[in-house]
Structure formats: C-alpha cells, structure tokens
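Student: I'd like to learn how to read a model like this one. Can we go through it feature by feature?

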Amino acid sequence: MDQEIKPIAATYPPLHRATSVLSSSVVFALDLAIGHVLEQDVANNWDAQLRYCPVGSDLWQEVSLVRHPLPFLTSRSSTSPHLSFSATVNLPAAVKFTVQFRNDTGTWMTAGHDGPDSFIVPWDRSGLVSQDIDDYVQIMNPDLRITNLGDTKEPGAKSWLLEAPVLAADGDAPHMDQVMLGKPFAGEFLKWFALARHTASWLAPRQGTTHFKLDVASVLCSFVDRRGRHLITLGVSGFRGIMSIFGDNNEGALMVKIRNDRQAPGFGRVIISVANDFETALSNALTHSRAFFLSDYSPGETLAQFGKLADRGVAPSTLFLEDCCEQDRKTGIFVGPCNASLGLEIAKTRKQYPAIRNVIYRHSLLASAPEFDSARKDYKVTSVLYSVPGGATAKTSLVAAEDAHQFYDDYYRFLRSSGVDAVQVDNIQVLETLSSAAMRACFTESYLDAQHTASMVHFAEGYMTSRALSPNPLFRNSKWPLALSVVQNSGWFPDYRKLVFVNSCNALLSRAIGNIPYWDTVLINSTFDLAARVISGGPIKVGSEDEGNCLKRVCGLTARGKTVVLRPSGIGGATDPYASFEDPVLVRMGNTHAIGEGSVSILGLFNATEKRRLEMLRASDFPHLGCRSDTYIIRSSSGTIFDTTAPFSISVGVSEFDILCAYPLTILDMPVGPPLRVVVLGISDKELGVAAIIDASVVLDNDELQISAVLKILGVLEVYVAGASQKNLDRIEVTIQGRSFNRGVEILNDVVRVDLEALLANYDLDSETDEVYVKITFRWV
C-alpha cells in the first residue's frame, strides 16, 4: 500500500515506549487514522490483532481486536476518519508487542517496527524492596565500599552509597581514576536514560534500549527493567573537591570516572536508588546526595529592548542589566572597575518605565578585585592560570579564596543599594578552566559558597545561574534552601524542537535538586518553543524582535495594571525520560498547577518528528493523576472538552503541539435532575490560561449557583458548567472587585464566558490588590 495513504496507528499501551500497568489484565486499544483516499473503505471489514511475546522469548502470540468506539481529539488540522479496536489480554509478565491490521482480506500492515521496541510491563505491586544491592546491580568491583542507606520517606524506595578510594592530587595535577561498577539489573533492562556532559558546562539527554553505551560522560543514569523497577545512579560531585561521573566499559557495564582536585586522599561516591517509578528513585537519590553537603520569575528584557517593546504597548515587569564591571568576554572574569552611577541609572530607568518591578543584574562568578564603590577594600588576590579557547593558558589575578565572602558581601550590598532586586550569575563554568587542581578545589568551594551566602543575605527572593550544569556547582548548590533559576541550555541546538526536548529532560534533574529551570530567551516567533517554556514553570524571557506576540500569549494585566506571566505553580519536565529525540513519538512534558487546595494536571504534547503523529493517552499519563479518584474533564488547546476514563487518541501535526489540562470537577447534587458538574477553566486566549487561577470555589445555595475565582490577571474568564447551554437563565450577576454587573455573560458549548476587561472598560478600577476577585451568580429556570 502506498506509504502516503497507509493508516496511522496508535495504541494503548503506546508503541515505542515501556509502559507499566497496574494489573496483569490489560485492556489493549488501537486507533487507526484512515487516509483520505481510503475514506470509502471505512465501512468495510477491517481486521486488527495484537502480536506479543514475553521479553527474552521469540514465541509470538496473536489476539484479535474487536471494533470499539473511543474518544478522539483533533489537534490543528487532522481530518482523517478513525477506526478503533480493543481487547482484554492477560499478561503475567513483561512483553514486547506490535499490532497488525488489514482491510478485508488484504495484506497485513504492521505498526511499531519503525522505532524501538514497545513494552507492556505489569507493575510489581508487592511493594517489597530487597536490602541486597546484588539483586539490582551486578557489582563487578569487590573493592567498592557499599553502605545500606536505611529507610527513606519514599515508600517502596531503597538506596545505597558506593565509595571508591581515590588518591590525592599531585601538585597542580588532579588525580584521575576509573572504577568499574557493574551492570544494572545484570544487563537485563528494557530502556536506559542518562544526562550527559554535552559540553563542560551544559547537559543533554542520552537514551537507549537493551545495550548501555555513552558517547560522553554523564552525571546521572537510569534504567527500567522488566518488572517496572527504576534504578538510578547519581554521582556525588562538588564535595571535598571530588567529582564522580559515569562512563561505560564498551560491554554495557557502568564505570565511575573520579577526579580529585584536593591535596588529600578521599572517596569517589555514587548513590544508587531503586523505586517503582523514575521520579521517586531520583528524589530519593538527591535526598541522600544533599545530605553530604549538609553535613560538612517573570519575563525580563535588557534596557535596549525595553523601549522597543514599550512602543508596541508591551510592558515587561523585569529588566535585565548587564554587569557594569568590565569583564574579559573570552574568559568571563571581571577585570575592571564598576560603574559607581549604577543606582542613578536604575532610578532613571524605573521612572521612565513605571511597569518595572524587578531589576536583575547579570555578572560573572569570578572577579579580579573590581572597584565597585568609592570605598573599595583592598582584597587579597591570587594569581591563577586558566585555559583559553584553542588549548593555550593565560594568567590573571583573582580575589583570593579567603576574601571571597567579604568581597561578595560588599559587592551585593552595593548592588542592593543601587536598586538591584536579584542577580544572574554567569560563566560558572570558568571554575573548570582553572589549570591547577588545588585552585579548582579551593575556588569552587569558596566562591560558590560565598556568592550563595551573600545572595541569601541581600537577595532573599532567589537568583539565577547560567553555565552552571557542570557537576561540581550543580550538586554543591543543592545544599542551600534558596531556590535557584538555572539556565538549562546554551542555545546550541539550532532546531527549536530539539531545544524543547533537551530542556524538558534537563529539567528533571533541576526539579529534583530544587532548582527552577530557566530556558533563556524565547526563539523568535516560535509558539512551539513558547508553549514548552510556559509548561516548564520557569522564567520567560523574550527578545525585542518578538514584537510583543509572545508576551501577549503568556502575560496579562493585574487589577492594578501590572504585567505578570501566567506560569504554573509546579516545575515541568519530561514525563517519559526514556524516549529519545529520534523515536517516532511525541515529546511529552508535564506539570501541575495548584488552585486552592486542589490542582490541575498539565500535559504538553510536542511533535518533533517529520511526520504527523497519532498517540493514545489516558488519565494515568497526566502528572499525579494515576492514584487519584477525582472525576475529571480534559481540555485541549483547541478548546475541545471531554470527560472520559477510557483511552483517547490525539493527532498532532509536524512541528505542532497541544496542551491538555485535566481539571477535577466539583459535583453538586441538584433537587431535580442529574448532579451539576462545574469547574473554573481560566483565562481564554492564553497559552496556559489555567495558570491565571489562584483559587476557585463553587457553591450551590438555594438553587442558586455561585462561582468564585481569584485570578492573577484580567481577561475573558471561562467556567465549565455541564449542560449550561441547554438551560434557561433566570438571573445572572457578575461581581468584579466588589462592583456588580447584570450583563456580559456568554454561554457556548457548556462554557460560561465573562469578559472582565469589557465590563470594566468604562470604570476606573481603583483596586487595593493585584489579584482579581470575581463572583458569578446565576439561577436557571
């Protein structure tokens, strides 16, 4: 059959992924998108079957699938008719599978052969975790010191500490060592994932299936086996001058690469954690890693861009200022005096642009004693050698490690007094360029700790870091309670789709550490890129070339006229870290947004492939919905709303995306008729309108429905009321900031819409708060 008219297949459990299921009795579903050339054949006889075999076996079995209607969501421009099938199959152990289908008695067509194997893994619900590490890792080095880390707060999780002795650094040369660790799950895993050192200061994901092989060293590795167990290995870096990262032995076994910069022997350390899901295992590993160290925002613009955006009616609330101290652009080290008039410049800028609420000041980590005020102290200095591009070395003088705390305290006091609200610390990777191992060990600890301590004193709201994904600073900073906004990438992926993929995977580690992922500047006119950044929950920065389009999609005005970004309360990341960029699947990115005591689950679907993709989902694919019993509705970016507990399919075109939100419904018993099902959806015409909701409640009082919401911004508020379009309104009242209106409500397809800005257009809203307080009251005949 012509490839262009071949049906597109989606299954649940999905193709090309390893899916854990709660029961050995699995309802398998198939959806076929039939090409337009075959539309006349839709009513004809179609056969479909599931083919599977146990993992490790070549004995394939077939199960016939029967026609069964399932929900379908169209994203953007799909018009193909669909056929759906299902069957219940008993799978006592993990299997790999494909599906076949044909029209009448034609040739069987197979789906699932154009990518990695597809697996269904019945979850091990025994909850029993072995205390013996040998049950999880085939240890190949008897000299490793292994410590059972005891019980954890995470049920069903278990961790161990592995230590390998390492000799002291020899003068300026570090001591390097490679230690064999072993094979996770004795080499019998289904998929693996790693966060690798793409460059010295940036991370990028690596994925594979049954053979483990890395092209560059990684800071974290994860494996999933045929029982649905996840094993994570995490190197402890930045503690006492030692870095531990991972490689392999070309035969599928893990090796630990250790670098000791201190003039004293120590230990390379690795945390191994096992759990029934990836996030629990990662969280547990980070908890134990952090124990070592404990024992020992809104959109922004540069000043040059601010005026251009203001002229277009866009008023960003945060200004980024480049460092006023001269610095060497090649090395990222301060080399000259600061501008003493910084405070006057900031005051002038705030007066010119009243919307500015935050000034973020960018500077490099290392400094050669810049003169930042007229009463500069004489800091001790140290001469250091560092590498420069091309392999050469150069010499400079830095503020000595013993004066780093005093320097940063003075420096940040000066910035604070000048009107700076927060800082972004750049070029942290410069620490890795110091030629001397002793200097690296000394400056890494002293400068990172000094800068962070001064931040907590002078900028308690937090700060940003860039080029900070090298292992030592990444993990050393995890000991602090202050959340960091960490730049996740360097923009070295020209394909914006790969940028989304890499950032979503890198965010998993940042989130577990407690950092806030910051994706840097939004790519020009890329709604694909913008949508992913919104889901990430991190700061959003746009360039002046955007003409305000991006900001209008993610921002709004508060009741007092301030510009705010609509970001979810959680931190987003990839929901399937084992799926690679080359796999023929959608990139899935999830997050949650807290509303009062409840939350909405968010799932972004991004097509980074070169073909339209059809995938099937169910509620358990949404973050934190798998174990909850609430009744939900799901809404897509296109506005489609449906209520289902069964699998549903969605089609996403090339370089397109869809954002699905799962809302928990409030169900109210009515005196007559079925219960009333209601939920506040958020502000329309925004990339993620649900993020505008701070709190919401629904009350039925004497046959009168009262819907209350606290919002971040003004706009068109939408509320889902099941059956509203079939009811007759008897009375309606809208209250905004205490002002009442008896008009301005539209009902379309069970969605009640209230244009808050239109209602307030003729009024001077003198609000005492930024939050928008709305109450909708109505009664049906």
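Student: Where does N276 lie?

Tutor: Keep in mind that this is a predicted model. N276 is in the loop that runs between strand 21 (266-275) and helix 1 (278-295).

Student: Leaving aside its neighbours within four places in sequence, which residues is N276 in contact with?

Tutor: Once those neighbours are set aside, N276 contacts W123, D124 and G156, and also G228, R229 and H230. For a C-alpha to C-alpha view, take R227: it is 49 residues from N276 in sequence, and the two are 8.7 Å apart in space.

Student: What is the handedness of the crossing where helix 8 passes helix 9?

Tutor: Helix 8 makes a left-handed crossing with helix 9. On the helix 8 side the contact uses Y496, R497, L499 and V500, while helix 9 brings F528, D529, A532 and R533. Sort the residues of that contact and you get five nonpolar, three charged and no polar.

Student: How many residues of helix 9 are buried?

Tutor: Buried means under 20% relative accessible area. Nine of the ten residues in helix 9 are buried, so the helix is largely enclosed by the rest of the structure. The buried ones are F528, D529, L530, A531, A532, R533, V534, I535 and S536.

Student: What happens just after helix 9?

Tutor: G537 takes a positive phi there, about 85 degrees. P539 sits in the loop between helix 9 and helix 10 (549-554).

Student: Is P539 buried or exposed?

Tutor: P539 counts as buried because its relative accessibility is 4%.

Student: Last one, cysteines. How many disulfides are there?

Tutor: The test is a pair of cysteine sulfur atoms within 2.5 Å, and the count comes to zero disulfides. As for burial, C221 is buried at a relative accessible area of 0%, and C555 counts as buried at 6% relative accessibility.

Note on methods: Residues numbered from 1 in each chain as written. Predicted model: local features only at pLDDT ≥ 70, side-chain atom pairs only at ≥ 80, totals over all residues. Heavy atoms only, no water. Buried < 20%, exposed > 50% of the residue type's maximum accessible area, 1.4 Å probe, protein only. Left-handed = near helix turned anticlockwise from the far one by under 90°. Helix = DSSP H or I, 4+ residues; strand = E, 2+ residues; numbered from the N terminus. Contact = heavy atoms within 4.5 Å. Nonpolar A, V, L, I, M, F, W, Y, C, P; charged D, E, K, R; others polar.
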